Amino acid sequence: ASLRLMGLTEALSAEWHPRTPHSSRSLCLLVATPKGEQHILGATVLASLLRRQGHSVRLMLNADAHEVERYLTQSGCQAILMSLGSLKCLDVVKEIVLAVCRASHPHPRV
């Protein structure tokens, strides 16, 4: 049901809100949920909202530290926003934060 709601949110968002052109104040952001986290609706809605505000957003669901590190090495971003529905995946978030520190200098804000 959440996956269906997420799809509807994306479809309605794209239909009602045309993408805002990027400006000098636009940010490059990564919105991610850690591997094992089932809370994906909030991250999807946040990514959609940020895109409508003109930011470049990569949405990474069920991400692990290696995937985030690879993305930062290849693309980079100014900030990483993690969405967590419970504390059960906190260890994965810790691994991701350590990967961010390894992957880039200066480090994006987490």
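I began with Ser-26 in this predicted model, and I noted that Ser-26 counts as buried because its relative accessibility is 19%, where the cut-off for buried is under 20%. I then placed Ser-26 in the chain, and found it in the loop between α1 (2-16) and β1 (28-34).

Next I looked up what surrounds this residue. With neighbours within four places in sequence left aside, I listed Gly-54, His-55 and Gln-78 as the residues in contact with Ser-26. For Gly-54 I also have a polar atom of the Ser-26 side chain at 2.9 Å from the Gly-54 backbone oxygen.

I turned to the fold as a whole. I counted four helices and three strands in the protein chain, and reading along the sequence I wrote down the pattern α-β-α-β-α-β-α. Of contacts between residues at least 6 apart in sequence, I recorded that 78% join residues at least 24 apart.

Then I went through the nonpolar cores. The largest has 15 residues, and I marked Leu-30, Met-60, Val-68, Leu-72 and Ile-80 as those with the most contacts inside it. I found that β1, β2 (56-63), α3 (65-74) and α4 (90-103) each give two or more residues to this core, with the largest share, five residues, coming from α4. Apart from this core I noted another, of seven residues, including Leu-29, Ala-43, Leu-50 and Ala-79.

Last, I checked Met-60, and among the residues it touches beyond four places in sequence I listed Leu-30, Val-31, Val-68 and Tyr-71.

Methods
Residues numbered from 1 in each chain as written. Predicted model: local features only at pLDDT ≥ 70, side-chain atom pairs only at ≥ 80, totals over all residues. Heavy atoms only, no water. Buried < 20%, exposed > 50% of the residue type's maximum accessible area, 1.4 Å probe, protein only. Polar contact = N/O pair within 3.5 Å; in protein donor to acceptor, adjacent residues only side chain to side chain. Contact = heavy atoms within 4.5 Å. Core = buried A, V, L, I, M, F, W, Y, C linked by side-chain atoms within 4.5 Å.
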